[in-house]
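Dear colleague,

Here is the structure for you to look over. My notes on helix packing and the ligand follow it.

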Amino acid sequence: MRLLYSFLKELRLSTRSYYFYLEIIMAIIIIVVLRYVVPENFESSSRLFAYVSPDLADSISTKITDTHTGENAENTLILLDSIDAVVAVMEEDRNSVGLTVTSFQGSETPGTEIEYRLIFQGYESERLRNIMQASVSMIFAPPAFTGTPPKAAAVETIGQRNEHLSDRNSVLPPVLLLNAAFMGLFIIAAFIFMDKEEGTIKAFAVTPSHIWEYLLGKMAVMLLAGMLSGLMTVLLVAGSSANYVLLILLLAVSNLFGSSLGLLVASFFDNMAQAMGTIFIIIYLMAMPAVSYYMPAFSPLPMRILPSYPLLFAFRETLLDDPDYAMVLANAAIFAVVSVILFLLANKRYKKIITI
Amino acid sequence: MINVDDLWHSYSHDKDYALKNVSFEISKGEALGFLGPSGAGKSTTQGILTGLLPLQKGKAVVGGYDISKPAREMFNRIGVSFEQSNVYGKLTALENLEFYRKLFDVPTADPRSLLKWVGLEKVINKRAEEFSKGMKHRLTFVRSMLNDPDIWFLDEPTTGLDPAIAGQIKDIIKEKKAGGTTIFLTTHNMYVADEICDRVAFIVDGEIKLIDSPRNLKIKYGERLVDVEFIDEGSLQQASFSLKDEKERNALLDVINTKKIETMHTREATLEQIFIRVTGRELAA
Ligand SMILES: Nc1ncnc2c1ncn2[C@@H]1O[C@H](COP(=O)(O)OP(=O)(O)OP(=O)(O)O)[C@@H](O)[C@H]1O
Ligand SMILES: [Mg+2]
């Protein structure tokens, strides 16, 4: 019961301060930008790694090279020596597409009939695939191409799962993590410092209430604001394509993680000015894995051990049509445990600092 | 109700003590005033007794609860008014009290009548951030009465208030005391101590110099003076005579017998004068 009143009081306090709206306003700005400014998919000028089998007539390989480096120069074409080399290079450059052109195996006149394959990473958008396919098939279409039309064309991916997010939706995980989870870290600290400055924390300390009731009341407000802004963002940007059960779960645990960390951090400082540096470093570090998120090839260990790294990928899962439940649930469980530990530590700290 | 024995406290955890060997007791329904200059250790003592500061050395029992391991329920019986107002600026006067009363497990007083008591009834729905210093102070003060405490800690309850409001606050404290509330009050205002407290403790540099009732102190340390205005050779003269000194007593008799007395008043030494005599320090310092 007291917890409920504590929550109601914190809610009233926070709705009267601008910090609370900071999170909601940020969410609105993000929604507007994503919906009306960011295209659903970026025009990607990815690199095209190609292998042209040497047993093909010279004319064909010249043709491919000419066509592709000519008008269609949007994608840079890089010729490699083997199919394996193409795949290997593609695994390094996650923004690339592969093409192999070999002579058709069942041909009676080897070297004249060809077959080609397009190799994708697995997370390209449908649109990009179509563009690539169209542009490659153009190469082999008359009148530019005078040889026998390709006998076989295939599309394959090197990724395990064929799941992908639209470019717009793939912006969501970092946004959710930052706005819904880590803004809470900053804002809850700001609220603690307001209470410290007003001395109301002392007034609370001379009542029969427990400090955990006070802290939980604050966290509940952060949770409400985080869920509100997070759900609003996903609902208006991704719509029905998200898995809301997993999303709500993940938003909740990452929010609790952020706010319990915020409580703990704030307990070591007297005011915002002192804490600012530390809080910024933490938020900055937490934002770093976004780089790996966009460039999976760059995932050094220091990046992967940051808590925001698994959370980012878990958020990504919740937006997929066929999310990896086990992965999301495991992350939720781990962060729930971590949050509880952080909260207990914070509770211990506040019991102590309140008496100083 | 309150037993304090050999209390020591150092903020820096070294030999620099803010409190040294502080011992006193307050019986049920009694009001004890801590009188001392700024920095004497008054708030530090209150801080320890209300659990806001850790008990470092010594023993303290408040309302039967050992302060070295304070139980939360102790605070149902305790009221604390702070030297520096600490209310939520973003909440109205009424909201501040409404939320605060929910923190107790015991029946609480009606916030509206409390606010009326200290003259805040007109600003009941105004946010405390718009209050003057005195208004915030009164709000902090009445908040400490919400749970109708039987032990009441008042840190400088009248400091910084205009005389009329200070008078009101003193009346409220006296009324509560008459109702049996045990009071620990700190002040550097001798009138407040004199008027409200059954006993006062003189505290300087973290040490209690003496504890006694204002009346006893005045009898023991005060010299009673008689101020006389009389006509001497056609002009108005003024003189003060100490009743303690035999020569002065005789001089006074001489004036009474030979001169025309215009006015005559006896004057008691103030607590402040006694404080200066006992501690060698001024209260205002
Ligand atoms: N938080 C603190 N940290 C370090 N020293 C402190 C702290 N609070 C008080 N002191 C020191 O302890 C001593 C006693 O301070 P205290 O506040 O108890 O005095 P006081 O009698 O209440 O004075 P005042 O009349 O100004 O309120 C002073 O020397 C003061 O400087
Ligand atoms: Mg003080």
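**Ligand 1 and chain B**

An oxygen atom of ligand 1 lies 2.7 Å from an N or O atom in the side chain of Ser43(B). Please bear in mind that this is a predicted model: local features need pLDDT of at least 70, side-chain atom pairs count only at pLDDT 80 or more, and totals for chains, interfaces and linings use all residues. Residues are numbered from 1 along each chain as its sequence is written, chains are lettered from A and ligands numbered from 1 in the order in which they are written, and side-chain values use heavy atoms, with hydrogens and water left out.

For Glu83(B) the distance is 2.4 Å. For Glu156(B) it is 3.4 Å. A polar contact here is a pair of N or O atoms within 3.5 Å. Ligand 1 has 13 residues around it (a heavy atom within 4 Å). Ser38(B), Gly39(B), Ser43(B), Thr44(B) and Glu83(B) come nearest.

**H6 against H10, chain A**

Helices are DSSP runs (H or I, at least four residues), numbered from the N terminus. The axes of H6(A) (residues 172-198) and H10(A) (residues 272-287) come within 11 Å and cross at roughly 170°. Axes are lines fitted to C-alpha atoms over the stretch in contact, and angles run from 0 to 180 degrees between N-to-C directions. H6(A) is therefore roughly antiparallel to H10(A) (over 145 degrees).

Contact means heavy atoms within 4.5 Å. On the H6(A) side, the residues include Phe182(A), Phe186(A) and Phe193(A). On the H10(A) side, they include Met276(A), Ile279(A) and Ile283(A). By class, this contact has 16 nonpolar, no polar and no charged residues. Nonpolar covers Ala, Val, Leu, Ile, Met, Phe, Trp, Tyr, Cys and Pro; charged covers Asp, Glu, Lys and Arg; the others, Gly among them, are polar.

**H9 and its two partners, chain A**

H9(A) (residues 244-266) and H13(A) (residues 308-318) have axes that come within 9 Å and cross at roughly 160°. That makes the pair roughly antiparallel. This crossing is left-handed (anticlockwise). Leu246(A), Leu247(A), Leu250(A), Leu251(A) and Ser254(A) of H9(A) meet Leu311(A), Ala314(A), Phe315(A) and Thr318(A) of H13(A). The classes are 7 nonpolar, 2 polar and no charged.

H9(A) also packs with H10(A), at about 155° with axes 11 Å apart. This pair is roughly antiparallel too. The crossing is right-handed. Phe257(A), Leu261(A) and Val265(A) of H9(A) touch Thr278(A), Ile279(A), Ile282(A) and Met286(A) of H10(A). Here the count is 6 nonpolar, 1 polar and no charged.

Best wishes

Methods: Helices (H or I, at least four residues) and strands (E, at least two) are DSSP runs, numbered from the N terminus. Angles under 35 degrees count as roughly parallel, over 145 as roughly antiparallel, 65 to 115 as roughly perpendicular and the rest as oblique. A polar contact is a pair of N or O atoms within 3.5 Å; within protein, one must be able to donate a hydrogen and the other to accept it, and residues adjacent in sequence count only if both atoms are side-chain atoms.
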